[in-house]
Each structure stands twice: as structure tokens, then as C-alpha cells.
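Student: I have a model open and want to learn how to read it. Can we go through some features one by one?

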Amino acid sequence: MYTIGDKIVHPMHGAGIIENIVSERVAGTVREYYVFRVPTGRVDVLIPVDSCDSLGVRPVTSAAEAEHLLEIFSTLEIGPSSNWNRRYRDNMDRLKSGDLTEVGRVVRALLMRERNHTLSSVERRMLISARQILLSELSLATGRDPTELGRLLYESLPPPQNKEG
């Protein structure tokens with residue numbers, strides 16, 4: 001069980017801080033919820049206390065692990081460029097895993113694709129979401145500004161190739 005002030009990660013919302021614990025009646029049943037604030041998105045999310053494990057909620061990674069990801073980001077392996085549907089499913093599975101390195105792979109793959117091709121609107125939305133998830137955790141873990149972290153990640157990418165549509 002987490003307490004108010006704990007820094008946690010929700011796989012689909014990113015990292016944030018537990019602001020409160022409240023009881024809410026939903027469909028006639030009273031349940032406890034964490035009021036989870038995502039600083040980068042200025043959003044509050046209610047997370048059922050008894051569902052945290054099944055949702056993949058976990059503590060924010062350590063500063064050392066976050067710094068390690070920043071160091072290896074430019075070398076993260078990304079899968080071959082298959083058709084967009086397969087790429088989307090693979091990336092969604094990586095995001096749902098909640099694993100920081102897997103989220104980093106999604107961000108790197110989509111940034112690389114964006115540099116060299118035109119992203120579909122679905123992939124563009126996924127990039128925005130994955131980037132927010134990644135930067136929120138890296139920022140909370142390291143205490144660094146998310147904008148600065150985003151710039152560092154982008155600058156670590158190789159130069160673009162011929163852009164194709």
C-alpha cells in the first residue's frame with residue numbers, strides 16, 4: 001500500500017505523486033482510491049487501491065536507473081519496421097508493461113520514425129503519450145526538468161535520413 005506523497009508510476013498515465021486517499025461509492029460499492037497527480041499533464045487520476053498490482057502501478061525508478069536509461073537511450077534496440085498495425089500493437093504492449101526501458105524503446109522508435117518518415121496520426125498520438133510517460137518518470141526520479149530531458153533524448157538520436165511520406 002502506498003501513502004500520501006509517494007511517487008508512483010501508472011503504465012498508461014506516467015509518473016506522479018499520491019495527493020490523497022479517498023473513499024468513493026461506485027455502483028453501490030465503496031472502494032478506496034489513490035488520488036494520483038501527474039505533474040506534467042496536470043491531471044488527477046483515481047486509482048483503485050485494491051487494483052494497483054493488476055494495473056501495473058509501481059514506485060518511481062531510482063535516480064541511478066533513470067540516469068542509466070538516459071545514458072543508453074541512443075543505443076536502445078528497436079524492432080524492425082513492420083507494418084503500422086503490427087508496430088502499433090508491439091508499441092502498445094511495451095507501454096502497458098510499465099517497464100521504463102520498454103517505454104524508452106517506444107519513444108526512441110517513434111522519434112526515429114518521425115525523423116525519417118511521416119508518422120500517422122495514431123502513431124503521433126502514441127509518441128506524445130509515450131514521451132509524456134517517459135519524461136514524467138525521468139523527471140520525478142532525477143529532479144530534472146522534463147523539457148531539458150526531452151531535448152537530451154532528441155539530441156541523442158542519429159541525424160535524419162531521407163524523409164519519406
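This is a predicted model: local features need pLDDT of at least 70, side-chain atom pairs count only at pLDDT 80 or more; totals for chains, interfaces and linings use all residues.

Student: How many aromatic pairs does the structure hold?

Tutor: A pair of aromatic rings is described by the distance of the centres and the angle of the planes. Rings of Phe, Tyr and Trp (its six-membered ring) pair if their centres lie within 6.5 Å; planes under 30 degrees apart are stacked, over 60 edge-to-face, the rest tilted. Here there is one pair. Y2 and Y34 sit edge-to-face, 5.9 Å centre to centre, with 65 degrees between the planes.

Student: Why does the pair tie together parts that are apart in sequence?

Tutor: Y2 lies in the segment before β1 (7-10) and Y34 in strand β3 (residues 29-38), so the pair links parts 32 residues apart in sequence. Strands (E, at least two residues) and helices (H or I, at least four) are DSSP runs, numbered from the N terminus.

Student: Are Y2 and Y34 buried or exposed?

Tutor: Buried means under 20% relative accessible area, exposed over 50%, partly exposed in between (1.4 Å probe, protein chains only). Both Y2 and Y34 are buried. By contrast, A27 is exposed, at 82%. A27 belongs to the loop between β2 (14-26) and β3. Its phi is positive, near 55 degrees, in a residue other than glycine.

Student: What is the reach of helix α5 from its first C-alpha to its last?

Tutor: The expected span is 1.5 Å times one less than the number of residues. Helix α5 (residues 121-142) has 22 residues and reaches 31 Å, close to the 32 Å expected. G143 follows α5, with a positive phi near 75 degrees.

Student: Which residues are closest to the centre of the largest pocket?

Tutor: On a 1 Å grid over the protein atoms alone, a pocket is an open set of points where a 1.4 Å probe fits, with protein on both sides within 12 Å along at least five of seven lines; lining residues have an atom within 4 Å of a point. The largest pocket has 15 lining residues, and G79, P80, S81, R87 and A109 are closest to its centre. Helix α4 gives the most to this lining, five residues.

Student: Where is T101 found?

Tutor: T101 is in helix α4. At 26% relative accessibility, T101 is partly exposed.

Definitions and conventions: Residues are numbered from 1 along each chain as its sequence is written. Side-chain values use heavy atoms; hydrogens and water are left out.
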